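Subject: Handing over a structure

Hi,

Here is the structure I promised to pass on. Have a look at it below, and then read on for what turned up in it.

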Amino acid sequence: MPARVDAFRPADLTAEQRELYDRLLDSARATGSRPFPLADEEGRLRGPFNGMLLSPELGNALQELGSVVRYGTGFTPRQKELAILAVAAHERSEYEWAVHSHAALKAGLTEDQIAAVRTGSDCRLDDPLEATVLAAARELVASGDLTDDSFTEATGTLGLTRLYELVTLVGYYRMVADQLRVLRVTD
């Protein structure tokens, strides 16, 4: 399916769009390890970032939230990537899957663990925190909620602050998956 919104060319950006564009290209997302660059060879943003340029004020708020969710929580890189992959698998978001399966490998998850997250099968995790993050993220994407037992288990293992961060992380990546799907973004 073709994209519904053409990628913005840097030369065509308004001043507000250009400010956000520059901020995105200077961010940890662009400078960190990625399976492909944040911008293509012509400088057009890929993934959800092009869509952020449609409304620079909202796009800036979203990129700031995304930065905090991805880099400013108490989760380890492995825990974070397990939760993001649970969202990507459930939402069938190929862009999120490509970026975050790469990040998950870099964080030390195995190919078998990543494949298990994708298929929804049992993912062998020795760390009880990681297992709780994955179980809670899977339940959140499947139902939008946690049962009382799941909430009690998650708060007992992660603590209330980490659970709040997890709910926010899952919600953010679900929103991004929705944007990618509606705009028909594939890369």
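Let's start with one glycine: Gly-47 counts as buried, because its relative accessibility is 2% and anything under 20% is called buried. Before going further, please keep in mind that this is a predicted model.

Gly-47 sits in the loop between H2 and H3. Leaving out its neighbours within four places in sequence, Gly-47 is in contact with Tyr-95, Leu-180, Val-185 and Asp-187. If you want a reference distance across the model, the C-alpha atoms of Gly-47 and Lys-106 are separated by 20 Å, and these two residues are 59 residues apart along the chain.

Is Arg-44 buried or exposed? With 18% relative accessibility, Arg-44 counts as buried, since the cut-off is under 20%. Apart from its neighbours within four places in sequence, Arg-44 is in contact with Ala-7, Phe-8, Arg-9, Pro-10, Leu-38 and Ala-39. Take Phe-8 from that list: Arg-44 and Phe-8 are 36 residues apart in sequence, but their C-alpha atoms are 5.7 Å apart in space.

Now to the nonpolar core. In soluble globular proteins, nonpolar side chains tend to be buried together. Here the largest nonpolar core has 49 residues, and Leu-45, Leu-166 and Val-170 touch the most other members. What does Leu-166 touch, not counting residues up to four places away in sequence? The list is Phe-75, Ala-83, Val-133, Ala-136, Ala-137, Leu-140 and Leu-158.

Leu-166 also takes part in a helix pairing. Two packed helices are described by the angle between their axes and the distance between the axes. For helix H9 (residues 148–158) and helix H10 (residues 160–183), the axes come within 7 Å and cross at roughly 115°. On the H9 side the contact is made by Phe-151, Ala-154, Thr-155 and Leu-158, and on the H10 side by Leu-160, Arg-162, Leu-163 and Leu-166. Sorted by class, the residues of this contact are six nonpolar, one polar and one charged.

Next, the empty space. Rolling a probe the size of a water molecule over the atoms shows where such space is left. How many cavities of 30 Å³ or more does the structure hold? There is one, and about 150 Å³ of space lies in this largest cavity. Its lining has 13 residues, and Arg-29, Pro-48, Phe-49, His-100 and Tyr-173 lie nearest the centre. Helix H3 (48–52), helix H4 (56–71), helix H6 (94–107) and H10 are the elements that give two or more residues to the lining. H6 gives the most, with four residues. By class, the cavity lining divides into seven nonpolar, two polar and four charged residues.

The largest pocket holds about 300 Å³ of space. It is lined by 16 residues, and the closest to its centre are Ala-3, Val-5, Ala-7, Leu-45 and Asp-187. You have met some of these names already: Leu-45 comes from the core, Ala-7 is a contact of Arg-44, and Asp-187 is a contact of Gly-47. The lining of the largest pocket has six nonpolar, four polar and six charged residues.

The second largest pocket has about 200 Å³ of space. Its lining is made up of Met-1, Glu-91, Arg-92, Ser-93, Glu-94, Tyr-95, Ala-177, Leu-180, Arg-181, Arg-184, Val-185 and Thr-186. H6 and H10 are the elements that give two or more residues to it, and H10 gives the most, with three. By class, this lining has five nonpolar, two polar and five charged residues.

Most residues other than glycine have a negative phi. Arg-92, however, has a positive phi of about 55°. Arg-92 is found in the loop between helix H5 (77–91) and H6, and it is exposed, with a relative accessible area of 68%. The other one is Arg-184, with a positive phi of about 60°. Arg-184 lies in the segment after H10 and is partly exposed, at a relative accessible area of 22%.

Enjoy exploring it!

Cheers

Technical notes:
Residues are numbered from 1 along each chain as its sequence is written. This is a predicted model: local features need pLDDT of at least 70, side-chain atom pairs count only at pLDDT 80 or more; totals for chains, interfaces and linings use all residues. Side-chain values use heavy atoms; hydrogens and water are left out. Axes are lines fitted to C-alpha atoms, for helices over the stretch in contact, and angles run from 0 to 180 degrees between N-to-C directions. Contact means heavy atoms within 4.5 Å. Ala, Val, Leu, Ile, Met, Phe, Trp, Tyr, Cys and Pro count as nonpolar, Asp, Glu, Lys and Arg as charged, and the others, Gly among them, as polar. On a 1 Å grid over the protein atoms alone, a cavity is a set of points where a 1.4 Å probe fits but cannot get out, and a pocket is an open set with protein on both sides within 12 Å along at least five of seven lines; lining residues have an atom within 4 Å of a point. Grid points are joined across faces, edges and corners, and a volume is the space filled by probe spheres set on the points. Buried means under 20% relative accessible area, exposed over 50%, partly exposed in between (1.4 Å probe, protein chains only). A nonpolar core is a set of buried Ala, Val, Leu, Ile, Met, Phe, Trp, Tyr and Cys residues joined through side-chain atoms within 4.5 Å.
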